[in-house]
Amino acid sequence: MIARGLDAYRSVDVDSAILSASSVELIVMLYDGAMTAIQRAKGEINQKNYAAKAALISRAVAIVAALRDALNEPQGGEIAINLKDLYLYMEQALMEANLNNSIERLDECHRLLSELHEAWAILAKSDLARSAQAAKTDGTSTISYGKV
C-alpha cells in the first residue's frame, strides 16, 4: 500500500518535471533515462535475470531511437547527421549487448551517452541562466516550484 503511494508520488514528481522542462532539459532527462536503464541492465546480467535485462535494454534502445528521431537534420546540419550516426551505432551496440549479455558493450554505450549528457547538461544550465537573466531584465519571474 505504501509502495503504491510512493510510486504515485514519484510519478507526479516526474510528470511535473517533464511539464516544466525546456526542450534541452527534456533531452538531458532522456539521457538520464537511457543511462539508468543501461546501469540496471548490467545488474540484471550479473544476477542472471535475462528477462529484466532485455526489458531494460529495450527501454534504452527506445530512448536512443527517440533521440535520433527528434533530430532536425536540415536545421542541425553536420552535427545532427553525426548524432544520427552515433545514435544508430548505439542502437546496434545495445542490441548486440542484449543478444550477447555483453557488459562491455553496455559500458561503451553508457560512456557515449554520458559524454553527450554532460554537453547537454551544460547547455541546459546556460539556457536556464539566460532565461533567468531575461526575466530579471523584463520584470517577469521564472521562479516556479523551486526552479529558476
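Predicted model: local features only at pLDDT ≥ 70, side-chain atom pairs only at ≥ 80, totals over all residues.
**Entry 1: helix α2**

I began with α2, which runs over residues 23-46. I wanted to know how its span compares with the expected one. Its 24 residues reach 35 Å from first C-alpha to last, close to the 34 Å expected. Next I looked up which of its residues are buried. The list includes Val24, Val28, Tyr31, Met35 and Ile38, and I noted that Glu25, Lys42 and Glu44 are in it too. After the helix comes lysine 48, and its phi is positive, near 60°.

Glutamate 25 sits in α2. Is it buried or exposed? I found a relative accessibility of 16%, so glutamate 25 counts as buried, the cut-off being under 20%. A polar atom of its side chain lies 2.7 Å from the backbone nitrogen of serine 22.

Then I went to glutamate 44, also in α2. Which side chain of opposite charge is nearest to glutamate 44? It is arginine 40, 5.5 Å away. A salt bridge needs the atoms within 4 Å, so glutamate 44 is buried yet has no salt bridge. Leaving out residues up to four places away in sequence, glutamate 44 touches Asn49, Ala52, Lys53 and Leu56.

**Entry 2: helix α4**

I looked for a bend and found a kink of about 75°, centred on isoleucine 79. At the start of α4, a side-chain oxygen of asparagine 72 comes to within 3.1 Å of the backbone nitrogen of glutamine 75. Just after α4, asparagine 101 has a positive phi of about 50°. Among the buried residues of α4 are Ala80, Leu83, Tyr87, Met90 and Glu91.

**Entry 3: salt bridges**

How many salt bridges are there? The count comes to 7. I wrote down some of them.

- Arginine 68 pairs with glutamate 91, with their closest N and O atoms 2.6 Å apart. This pair links distant parts of the chain, since arginine 68 is in α3 (residues 50-69) and glutamate 91 is in α4, 23 residues apart. Glutamate 91 has a relative accessible area of 8%, so it is buried.
- Glutamate 73 and lysine 84 meet at 3.2 Å, N to O. Glutamate 73 is partly exposed at 30%, and lysine 84 is partly exposed at 30%.
- Arginine 105 bridges to glutamate 108, closest N and O atoms 2.7 Å apart. Both lie in α5, 3 residues apart, about one turn of the helix. Residues three or four places apart in an α-helix point the same way, because there are 3.6 residues a turn. Arginine 105 counts as buried because its relative accessibility is 19%. I also noted that shared partners join Arg68, Asp69 and Glu91 into one network of salt bridges.

**Entry 4: histidine 110**

Last, I looked up histidine 110, which is found in α5 (residues 103-138). What does histidine 110 touch, not counting residues up to four places away in sequence? I found Met35, Ile38 and Gln39. Met35 and Ile38 had already turned up among the buried residues of α2. I also compared histidine 110 with threonine 36: they are 74 residues apart in sequence, and their C-alpha atoms are 8.9 Å apart in space.

Note on methods. Residues numbered from 1 in each chain as written. Heavy atoms only, no water. Helix = DSSP H or I, 4+ residues; strand = E, 2+ residues; numbered from the N terminus. Contact = heavy atoms within 4.5 Å. Expected span 1.5 Å × (residues − 1). Buried < 20%, exposed > 50% of the residue type's maximum accessible area, 1.4 Å probe, protein only. Bend = angle between axes of the 7 residues up to and from the residue. Polar contact = N/O pair within 3.5 Å; in protein donor to acceptor, adjacent residues only side chain to side chain. Lys, Arg positive; Asp, Glu negative; His and termini not counted.
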